[in-house]
Each structure stands twice: as structure tokens, then as C-alpha cells.
Amino acid sequence: MRGPITMQRRFSFSLLFAALAAVALPAAAQSDVHKQLAAERFTIVSPFPPGGPVDTLARMLSDGLARRYGQAAVVDNQVGAAGNIGMEKVKRAKGDGHTLLVIPAGNVTINPTLMPNFPFDMQKDFVPITMLAKAPNVLVASPASGIRNVKELVAQAKARPGTLSYASPGVGSGLHLAGELFKQQAGIDLLHVPYKGTPPALNDVLGGSVPLMFSNLPATLPFIGNGKLIALGVTEAARSPAAPDIPTLAEQGIQGVAVTSWYGLMAPRGTPPAVVDQLAKDAAEILAQPEVRERLKAQGMTAAAMKPAEFTAHIRDETAVWARIVKARNIVAE
């Protein structure tokens with residue numbers, strides 16, 4: 001015959017049940033988040049035209065989310081106002097994880113300082129989820145320029161101060177600021193020629209009317225490969241896995257010009273932390289798939305998943321750096 005349960009045994013059972021509950025609750029909570037996300041279709045807003053890196057990443061993410069949740073995931077290209085139209089749509093969306101924004105670094109960390117009437121408060125209007133990918137920027141030259149390396153560029157610039165020109169996608173873009181940093185660190189004066197976007201700037205460099213350009217690697221890699229552009233150096237601390245034969249600027253004596261193009265994922269304000277954490281995990285797992293990594297590599301990008309807190313800190317720190325440069329160089333948006 002069994003004896004009565006002692007107080008000590010009751011205490012042991014209580015500890016066991018508490019431990020089991022502690023393990024079970026997070027799993028239940030995660031299951032609830034998964035059910036919530038699987039209840040509706042996703043809209044991935046790309047505030048730039050189809051074909052570019054933002055659109056490419058949005059489509060990779062939409063494919064992955066559709067498979068994971070058994071829901072449609074639609075890419076919505078809301079183009080215009082330098083990305084602000086798409087950002088406005090996401091700002092006004094419900095914060096439930098079903099409307100997401102894929103956005104380049106400049107819109108997040110440069111425009112708030114550059115644009116005097118910037119219509120968003122990045123800390124209040126959006127919730128950072130994760131960085132998705134990054135791509136090194138590269139300084140390229142037209143073959144018609146006669147410039148084959150950074151040493152020759154610096155020599156020409158010093159021989160003709162303020163006359164050797166470089167193109168960028170626009171005033172205040174990350175690539176414009178990369179040029180300003182390069183000028184400062186190399187001790188030379190180059191003439192900035194801004195364009196309205198990468199395609200027209202790239203066309204003029206390919207045509208030889210502008211000798212130099214700071215661009216992101218994905219846009220220029222095909223032309224570097226076929227000899228229509230000469231890669232002078234990447235603006236990274238290390239060589240890019242996508243183009244390991246291109247030296248860094250630092251290797252060639254130009255220190256302190258580490259400017260990376262990155263692309264992130266954000267949600268509307270009010271999105272619950274549990275949903276943000278789950279989407280960050282989803283994005284990291286999607287980006288870790290071998291076929292996705294190969295697609296990124298072919299576009300000159302590498303996966304760069306971060307936890308939400310890490311991504312938030314990265315945005316804060318980079319915004320402060322660009323704010324100092326914009327103010328010090330007196331750069332004004334056109």
C-alpha cells in the first residue's frame with residue numbers, strides 16, 4: 001500500500017511541473033505567432049523598380065515566406081519620390097507582420113539628415129527586423145579615361161585638381177558620400193557629377209563622357225567582366241567573395257573608405273516583438289539556403305542576417321556617422 005505523498009515529494013512535483021511549463025510556453029507562443037502569420041497573405045513592398053537589388057531581395061523573401069507559411073506573398077513595387085512612396089505605404093499599414101518593407105541603407109541612414117523635410121521618423125514609424133544582404137561598392141573607370149589603377153587616378157587628379165570627374169546616382173546618395181570620403185582620404189579634389197539614379201550615370205561612364213564612378217558591385221559586375229569598365233578598388237575592409245580579384249582601396253594605400261551598400265527588412269510601427277523576432281528568424285533561414293546564397297553571389301551580394309536588436313544598433317550608429325559627414329561637407333539634397 002502506497003503511503004501519503006510527503007511535502008518533499010509535493011515540492012519536487014511542483015518544481016517538475018514548473019520546469020515543464022517553462023519549456024512549453026515559448027513553444028506555444030511561437031506556434032501562436034506562426035498561426036498568426038499563416039492566417040493572411042504577405043505584401044513585400046519594394047519602393048524601387050523591378051530588376052534592382054531591392055526588388056531581387058523582395059522576391060527571394062516572398063518566395064521563402066510563401067513556402068514557409070503556405071500563403072501568397074506578393075511583391076508590390078511602389079516606385080517614386082526616391083523610395084518615399086513605398087515607405088509611406090508601409091508606414092500606414094497594420095503592424096501585424098503581413099506588410100513588410102525591403103529598403104536600401106541610404107533611405108534609412110542618410111536621408112533623415114540629408115532631406116530637410118524628410119517625412120518619416122525612422123525610430124517611431126518603422127520597426128527594424130533584420131539586415132538582409134550587403135554588397136561592396138566599387139570605384140570603376142571608363143577604359144577611355146586611361147586610368148588603370150588607384151595610383152594613376154591620384155596622379156591625374158593631382159595634376160588637374162577639380163577637373164577629373166566622378167558620377168554618382170545622386171546628391172547625398174551613399175555612393176556620393178563614398179566619393180567624398182575617397183577625396184578626403186586620398187587628398188585629392190574630384191568633380192562630382194550627380195545623376196538621377198544609377199542607370200544614367202552608368203551609361204555615361206560606359207560611354208566615356210564621365211571617367212569615374214562609385215557604384216555598387218551588382219550594377220557594375222557584368223561590365224567589369226566583359227571589359228567595358230575597369231575596377232579600381234572596392235570600398236570594403238576585405239575583398240568581396242563575389243569578385244576576389246578586385247583589390248580594396250585600403251590595399252592601395254587609401255584608408256578609411258569602408259562604405260558598404262546594404263539592404264534591410266522593416267515593419268510598420270506597432271508590430272509585436274514576437275512577430276519581429278519570428279520574421280527575423282525566417283529571413284535568416286531563407287538567406288541561409290544554398291540556392292539563395294548562389295543567387296545573391298551572382299548579383300554581387302552576400303547574406304547579412306542580424307537579430308533585430310543588432311540591426312537597430314547598426315542603423316543608429318551608421319546614421320550618426322553619415323550625419324557628421326553630410327554636415328561637415330555641407331551636402332544639400334537637390
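The model is predicted, so local features are reported only at pLDDT of at least 70 and side-chain atom pairs only at pLDDT 80 or more, whereas totals for chains, interfaces and linings use all residues. Residues are numbered from 1 along each chain as its sequence is written, and side-chain values use heavy atoms, with hydrogens and water left out.

- Helices (H or I, at least four residues) and strands (E, at least two) are DSSP runs numbered from the N terminus, and strands pair if DSSP finds at least two bridges between them.
- Because eight of the nine residues of S9 (residues 260-268) are buried, this strand is largely enclosed by the rest of the structure; buried means under 20% relative accessible area, exposed over 50% and partly exposed in between, with a 1.4 Å probe and protein chains only.
- Strand S3 (residues 99-104) pairs with S9 in the antiparallel sense over four bridges, and Ile-103 stands opposite Gly-264 in S9.
- Strand S4 (residues 126-141) is also antiparallel to S9, over nine bridges, with Met-266 in S9 as the bridge partner of Pro-128.

**Aromatic pairs**

- The whole structure holds six aromatic pairs, where rings of Phe, Tyr and Trp (its six-membered ring) pair if their centres lie within 6.5 Å, and planes under 30 degrees apart count as stacked, over 60 as edge-to-face and the rest as tilted.
- The ring centres of Trp-262 and Phe-311 are 5.5 Å apart with planes at 80°, so this pair is edge-to-face; the pair links Trp-262 in strand S9 to Phe-311 in helix H13 (residues 308-328), 49 residues apart.
- Trp-262 is buried at 2% relative accessibility, and Phe-311 is buried with a relative accessible area of 1%.
- Ring pairs also join Phe-118, Phe-120 and Phe-126 into a cluster.
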